[in-house]
Amino acid sequence: MKKLLFLTVLIISIAALLAPTLAQEKPTLTATTTINVRSAPSVNANQIGTLSQGASRTIYGKNANGFWLQISYEGQHGWVCAALTEINGGLDTVPVSDTT
């Protein structure tokens, strides 16, 4: 019985240690000024909207050099310039996304 209790406590302890790693939240960004949301990671791409200063969004992707971040904007994918945002959380786990 003591072995069963020990194993149960051990498994619960390991699960508790791994849970934060397994359930990491996606990083977010906060606009530091009013910024354009674009259809692709380029200043030449179509503007699909704007984020007001202080607006926050979840980051779903980044371009290869990390200068542009992909967000969800009014039901579609959009891109914002990373330099105009404050990033909350690391970008290491954010996948490099294609331009669509």
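**Reading a buried residue and its surroundings**

Modeller: L29 has a relative accessibility of 0% and therefore counts as buried. Buried means under 20% relative accessible area, exposed over 50% and partly exposed in between, with a 1.4 Å probe and protein chains only. The model is predicted: local features need pLDDT of at least 70 and side-chain atom pairs pLDDT 80 or more, while totals for chains, interfaces and linings use all residues. Residues are numbered from 1 along each chain as its sequence is written, and side-chain values use heavy atoms, without hydrogens and water.

Colleague: Where is L29 found, and which residues does L29 touch?

Modeller: L29 belongs to strand 1; strands are DSSP runs (E, at least two residues), numbered from the N terminus. Residues up to four places away in sequence are not counted, and the contacts of L29 are then L51, A55, S56, R57, I59, L69, I71, V80, T85, E86, I87 and N88. Contact means heavy atoms within 4.5 Å.

Colleague: Which residues of the largest nonpolar core touch the most other members?

Modeller: In soluble globular proteins, nonpolar side chains tend to be buried together. Here the largest core has 14 residues, and L29, V37, L51, I59, L69, I71 and V80 touch the most other members. Such a core is a set of buried Ala, Val, Leu, Ile, Met, Phe, Trp, Tyr and Cys residues joined through side-chain atoms within 4.5 Å. At least two residues of this core come from each of strand 1, strand 2 and strand 6, and strand 6 supplies the largest share, three residues.

Colleague: In what order do the three strands form the open sheet?

Modeller: Strands of a sheet pair through backbone hydrogen bonds, either parallel or antiparallel. In this open sheet the order is 4-1-8, with antiparallel pairing; two strands pair if DSSP finds at least two bridges between them. Strand 4 (56-58) and strand 8 (85-88) are the edges, each with a single partner strand, so one side of each has no neighbour in the sheet. Strand 1 (residues 28-31) pairs with strand 4 over three bridges.

Colleague: Which residue of strand 4 stands opposite T30?

Modeller: T30 faces S56 there, and a polar contact of 3.0 Å joins their side chains. A polar contact is a pair of N or O atoms within 3.5 Å; within protein, one must be able to donate a hydrogen and the other to accept it, and residues adjacent in sequence count only if both atoms are side-chain atoms. T30 is itself buried, at 18% relative accessibility.

Colleague: I would now compare two loop residues. Is N63 buried or exposed, and is V43 buried or exposed?

Modeller: N63, in the loop between strand 5 (61-62) and strand 6 (68-73), is buried at 12% relative accessible area. A polar atom of the N63 side chain lies 3.0 Å from the backbone nitrogen of W68. Beyond four places in sequence, N63 is in contact with P41, W68, W79, V96 and S97. V43, by contrast, lies in the loop between strand 2 (35-38) and strand 3 (47-51) and is exposed, at 59% relative accessibility. With neighbours within four places in sequence left aside, V43 is in contact with R38 and W68.

Notes: Helices (H or I, at least four residues) and strands (E, at least two) are DSSP runs, numbered from the N terminus.
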